[in-house]
There are 2 protein chains.
Amino acid sequence: MEKKSVVILGATGSIGIQTLEVIEKLDNFYISGIVFGKNINLAREIIKKHNIENYYSPYFPTYKFSTLEEMLEKLNPDIVVAAIPGFDGLIAILQSIPYTKRLALATKEALVCAGPFIKNECEKHKVELIPIDSEHSAIFQLFDENVVKIMITASGGAVRNVKKNKLSKLKPNDILKHPVWNMGKRITVDSATMVNKAFEVMEAYELFNIENIDVHIHPTGTVHGAVLLNDGTVKIHFGFPDMKVPIAYSLTYPERKFNNPKWPKFDPKNFEFYNVDEEKYPAFFYGKSILKDLAKRIAFNAADEIAVQRFLTEKIKFPQIADIIINTCENIRGNVNSIDDIFEIDKISRNFAQEI
Amino acid sequence: MEKKSVVILGATGSIGIQTLEVIEKLDNFYISGIVFGKNINLAREIIKKHNIENYYSPYFPTYKFSTLEEMLEKLNPDIVVAAIPGFDGLIAILQSIPYTKRLALATKEALVCAGPFIKNECEKHKVELIPIDSEHSAIFQLFDENVVKIMITASGGAVRNVKKNKLSKLKPNDILKHPVWNMGKRITVDSATMVNKAFEVMEAYELFNIENIDVHIHPTGTVHGAVLLNDGTVKIHFGFPDMKVPIAYSLTYPERKFNNPKWPKFDPKNFEFYNVDEEKYPAFFYGKSILKDLAKRIAFNAADEIAVQRFLTEKIKFPQIADIIINTCENIRGNVNSIDDIFEIDKISRNFAQEI
């Protein structure tokens, strides 16, 4: 059996590193190239440890390849794992699609800000789009044409047990303790505001062409999602919260080759579900309400990034994150006809959010 | 689209009646014939209400057909729904297989007492074998080649909340109140002893060729089963306890055509699981231990039927049901090389159980 080649966009990040670990444990996959950013020390370590011949960084263009496309053109990888955050990640994905057969997607901006464009490009180049996020991977594994509703879970983040009237007293350090997942700073704050869950609802809408999406707060992170079928059947995806499982699935799909026979217990503690509190998570509910408005989704992402930065530098209080996001989105409208439009709306939204 | 023809074996029983109701609600299916037993009044009602042209009963052989095979030969139904309990059901199934394309199976004796024979016949005649039981339907809907373990749930029956030392005081009327399903008398007692769950483990073993089968007590009956995959994923089948859903699935598979968009809540109450108590349910554990011994499985079924009869007529106490079953099975051994062997072992076992 021929080995499948994988290029990782964002090899030094959390998803990138876990992808390297997963591929070490799988037969029939190898890293044909990696892309990284400024973390040159970690990149060097990875290149050495995994014997990686091909690598590219926009910050070190004197290396082997002067552009990402040059590397991709040479490698034509079977799979591109897209795990560069932000608009850099979105651009790298658009550059990659013509050169691969499968896009294993972690960069949330791709679908949140450019869903229809990414999907069109994938269709045009016959590229499979497989989500890596645990919730979307769960739905992807369970989805079929009989699904009329989907449910994804949310941890509720660091504020889950904080009273509403105490939210404005929270400092960055209170927020950066996430109960389930250990992630970067922005996504940990996004988890506390549930802005990340609004992003995931938008991504699910793009991936599965479905609007009927419920979210439940679920503390243990053991239920990742569920599909509700027309005949009354519900299929639930259950397992330990471990990103290596969906990463491996995105590589080996439609097979499952990751040997990891460990399952959480059938214990009521692993099946706690609560409704999302509208007053506690206003940004989430706002995000859900703009599901089909791409311009506002771009503004939502841009304003959130600005607001989170200002919260982390203690320039605003925690509840003001939602205020900035909603205020910005309410002032942004328009059609999105091209990738350039996305960048333009993003820029305008950032400026607007900065000035609030 | 051509309509699919269905013959119901056991049209006047609970599964038979629910099958009639389901088919009324489905397009593209019709009843081409029914088989019933002694319940002539209900049969007449059904025949009239559903405009059924072809019917057969071994108790009324002066009707249209003098044998089941005569009717089946004429009808060649797309689907046979097998819902006659006991060995009568087993014989009717063996007679039906050559004349149909799909066997939708509810008769538990078929797989418990004759699993390898039924499977061989189905393979020989290229007949699809689709389970109707809610637990097996759930596993069937979730099963794939990556499953390394399955889990099915049990209500724990009427004795779930009864202390062990009170079991011998229970009268038939105490047992005949089932918490979730409304079923016949024998199966309600079998539910209290969890003998029915031992049957289901045996059936799952035959259907899915898997030995690694866990059972959890689960009071609400909302989780029907789960599959545990090699990569750490668990897929859970969740829904209201309603036999019409798996009946419809057995007819419409691989599609889902039953319009029934009602789902239980994601509420911890719907996800309670307990381990099965070995001292409270000894017959269940014994049944699991003889999973691969077909002769003892036949004895298990035969002795249970005798023991339940004696309990219902108040000749023995509730805990003695298990004693009779285990004692009988321990004294029965041998190879099962033919259907005749099955009948022989059944007869010997019944005699043995009677004499205990």
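Here is a quick look at a few helices in this predicted model.

## Helix H1 of chain A

Let's start with the length of H1(A), which covers residues 14-25.

Which residues of H1(A) are buried? The set is Ile15(A), Gly16(A), Gln18(A), Thr19(A), Leu20(A), Val22(A) and Ile23(A). As for what lies over them, the cover includes three strands of chain A, namely E1 (4-9), E2 (29-35) and E4 (79-82). Helices H2 (40-49) and H10 (244-252) of chain A are also among the covering elements.

## Helix H6 of chain A

H6(A), residues 134-142, is mostly covered, with eight of its nine residues buried.

## Helices H9 and H11 of chain B

Over in chain B, how do H9(B) (residues 195-208) and H11(B) (residues 282-289) pack? Their axes come within 8 Å and cross at roughly 15°. An angle under 35 degrees counts as roughly parallel, so that is the label for H9(B) and H11(B). The crossing is right-handed.

On the H9(B) side, the contact uses Val195(B), Lys197(B), Ala198(B), Val201(B) and Met202(B). They meet Ala283(B), Phe284(B), Gly287(B) and Lys288(B) of H11(B). Sorted by type, the contact residues come out as six nonpolar, one polar and two charged.

Conventions: Residues are numbered from 1 along each chain as its sequence is written. Chains are lettered from A and ligands numbered from 1 in the order in which they are written. This is a predicted model: local features need pLDDT of at least 70, side-chain atom pairs count only at pLDDT 80 or more; totals for chains, interfaces and linings use all residues. Side-chain values use heavy atoms; hydrogens and water are left out. Helices (H or I, at least four residues) and strands (E, at least two) are DSSP runs, numbered from the N terminus. The expected span of a helix is 1.5 Å times one less than its number of residues. Buried means under 20% relative accessible area, exposed over 50%, partly exposed in between (1.4 Å probe, protein chains only). Contact means heavy atoms within 4.5 Å. Axes are lines fitted to C-alpha atoms, for helices over the stretch in contact, and angles run from 0 to 180 degrees between N-to-C directions. Angles under 35 degrees count as roughly parallel, over 145 as roughly antiparallel, 65 to 115 as roughly perpendicular and the rest as oblique. A crossing is left-handed if the near helix is turned anticlockwise from the far one by less than a right angle, and right-handed if clockwise. Ala, Val, Leu, Ile, Met, Phe, Trp, Tyr, Cys and Pro count as nonpolar, Asp, Glu, Lys and Arg as charged, and the others, Gly among them, as polar.
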